Structure formats: structure tokens, C-alpha cells
Amino acid sequence: MKISLPKSTRVFLSLILLLSSFACKQKKENKVPLIMTYTWLIGTWNSTENPSVYELWTFQDSVYMGEAIRIISGDTMLLEKMFITKDSNGLDFTAVLSDTIEAVVFASFNLTENVLNFSNKNHDYPTNISYSKIGNNSLRAEVSGKGRKERFLFVRR
């Protein structure tokens with residue numbers, strides 16, 4: 001059985017299909033930018049193993065900025081400055097130790113919604129750095145390479 005529709009109805013249905021297709025395409029194109037996936041990192045994090053050590057993370061102008069600090073007897077000592085930025089291949093993690101002006105850049109790999117992984121095989125130690133979200137108020141940082149691995153658990157303050 002063949003159903004014959006008037007030309008105006010066929011045009012109307014074609015227009016609806018076209019608009020629906022366009023709406024679906026628009027929805028896919030409006031996904032969250034990669035750099036915005038990791039806002040869970042923002043905040044003040046306190047080491048559970050060493051309560052005098054903190055990591056402070058902020059986000060401004062599409063850059064995560066972090067500071068690792070140690071507070072002893074009310075005095076704050078900067079240990080390291082860190083930056084996470086977007087590049088053409090993903091994200092970069094840049095570390096600058098407090099006793100040097102040299103920046104070391106680590107490239108991202110195997111990123112997931114709850115895990116940031118970075119690597120620089122040319123660096124002496126560490127060659128890998130990762131941050132893993134463990135619930136809303138805790139995260140694990142890990143540095144590894146050259147047969148060593150160190151893990152640090154942080155809680156949000």
C-alpha cells in the first residue's frame with residue numbers, strides 16, 4: 001500500500017527532519033572543552049602523610065595554576081609552581097621547582113575524566129606525573145620513573 005502525501009506535507013516533514021539533524025549535530029559540537037574537564041582539581045589540598053604540605057590549585061584564563069607549599073611554625077615555604085595548559089595535542093603539565101628557574105614540561109597521555117597523566121621520558125626524575133580524583137574531597141598524586149614510584153594522598157580543605 002502506497003501512501004501519497006501532498007507536496008506541502010512532504011516539504012514540511014523534510015524541513016523537520018533537516019532541523020532535527022542539525023539540532024543533533026549542534027548538540028555534539030557543544031561538548032565541554034578538554035581543559036574544563038578537570039575543575040575537580042581546583043581547591044586547597046592537604047597531604048594526609050605530611051600535614052604541613054599543601055597543594056593550592058586555581059583556574060584562570062584557561063590555565064590551572066598550582067603551588068606546592070610547606071607550612072612550618074607559621075612560615076610558608078614554596079616548594080614548586082605548577083601549570084596545566086592546553087596545547088595542540090592535549091594538555092601540558094609544567095613544573096618549576098622553587099630552587100630553580102628551569103621549567104620542565106610533561107605531555108598528557110591516557111586522560112580520563114578522573115585521571116590526569118603526564119610524561120616526559122627525557123627528564124631525570126620523575127618521568128611520569130598523575131593526579132587521580134578519588135571522590136569529591138580527595139585525590140592521589142603520583143610521581144614515578146627510573147624504577148621509583150611515590151604516591152601522595154590529599155584531602156580537600
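Guide: Welcome! Let us begin with two residues: Trp57 is buried, and Tyr131 is buried too. Please keep in mind that this is a predicted model.

Visitor: Thank you! What makes the pair of Trp57 and Tyr131 edge-to-face?

Guide: A whole-structure search finds six aromatic pairs. For Trp57 and Tyr131, the ring centres are 5.8 Å apart, and the planes meet at 85°.

Visitor: Where in the chain do Trp57 and Tyr131 sit?

Guide: Trp57 belongs to strand 2 (residues 53-60) and Tyr131 to strand 8. They are 74 residues apart, and the pair links distant parts of the chain. Ring pairs also join Trp57 and Tyr131 with Phe93, Phe106 and Phe118 in a cluster.

Visitor: Why is the pair of Phe59 and Tyr64 called tilted?

Guide: The centres of the rings of Phe59 and Tyr64 lie 4.5 Å apart, with the planes at 50°. Stacked needs under 30 degrees and edge-to-face over 60, so with its 50° the pair is tilted.

Visitor: What makes strand 8 a partner of strand 7 and of strand 9?

Guide: Pairing calls for at least two bridges. Strand 7 (residues 115-119) and strand 8 run antiparallel and are joined by five bridges. Strand 8 and strand 9 (residues 138-145) also run antiparallel, with six bridges between them. Asn128 shows both sides of this arrangement: Asn128 is the bridge partner of Ser119, and in strand 9 its bridge partner is Ser144.

Visitor: How many residues lie between strand 8 and strand 9?

Guide: Four residues lie between them, and the two strands form a hairpin. In the turn, Gly135 has a positive phi of about 75°.

Visitor: Why is Ser119 called buried?

Guide: Ser119 has a relative accessible area of 16%. The limit for buried is under 20%, so Ser119 is buried. You will find Ser119 in strand 7.

Visitor: What is Ser119 in contact with, leaving aside its neighbours within four places in sequence?

Guide: Its contacts are Phe106, Ala107, Phe109, Thr127 and Asn128. A polar atom of the Ser119 side chain is 3.5 Å from the backbone oxygen of Thr127.

Visitor: Which residue lies over the face of Tyr125?

Guide: That is Arg148, at 3.8 Å from the ring centre.

Visitor: How many helices and strands does the protein have?

Guide: The protein has one helix and ten strands, and the pattern along the sequence is α-β-β-β-β-β-β-β-β-β-β. Of the 157 residues, 32% are buried. The accessible surface is about 10400 Å², and carbon and sulfur atoms account for 57% of it.

Key
Residues numbered from 1 in each chain as written. Predicted model: local features only at pLDDT ≥ 70, side-chain atom pairs only at ≥ 80, totals over all residues. Heavy atoms only, no water. Phe/Tyr/Trp six-rings, centres within 6.5 Å; stacked < 30°, edge-to-face > 60°. Buried < 20%, exposed > 50% of the residue type's maximum accessible area, 1.4 Å probe, protein only. Lys NZ or Arg CZ within 6 Å of the ring centre and 35° of its normal. Polar contact = N/O pair within 3.5 Å; in protein donor to acceptor, adjacent residues only side chain to side chain. Contact = heavy atoms within 4.5 Å. Areas by Shrake-Rupley, 256 points an atom, 1.4 Å probe, with all protein chains shown as cover.
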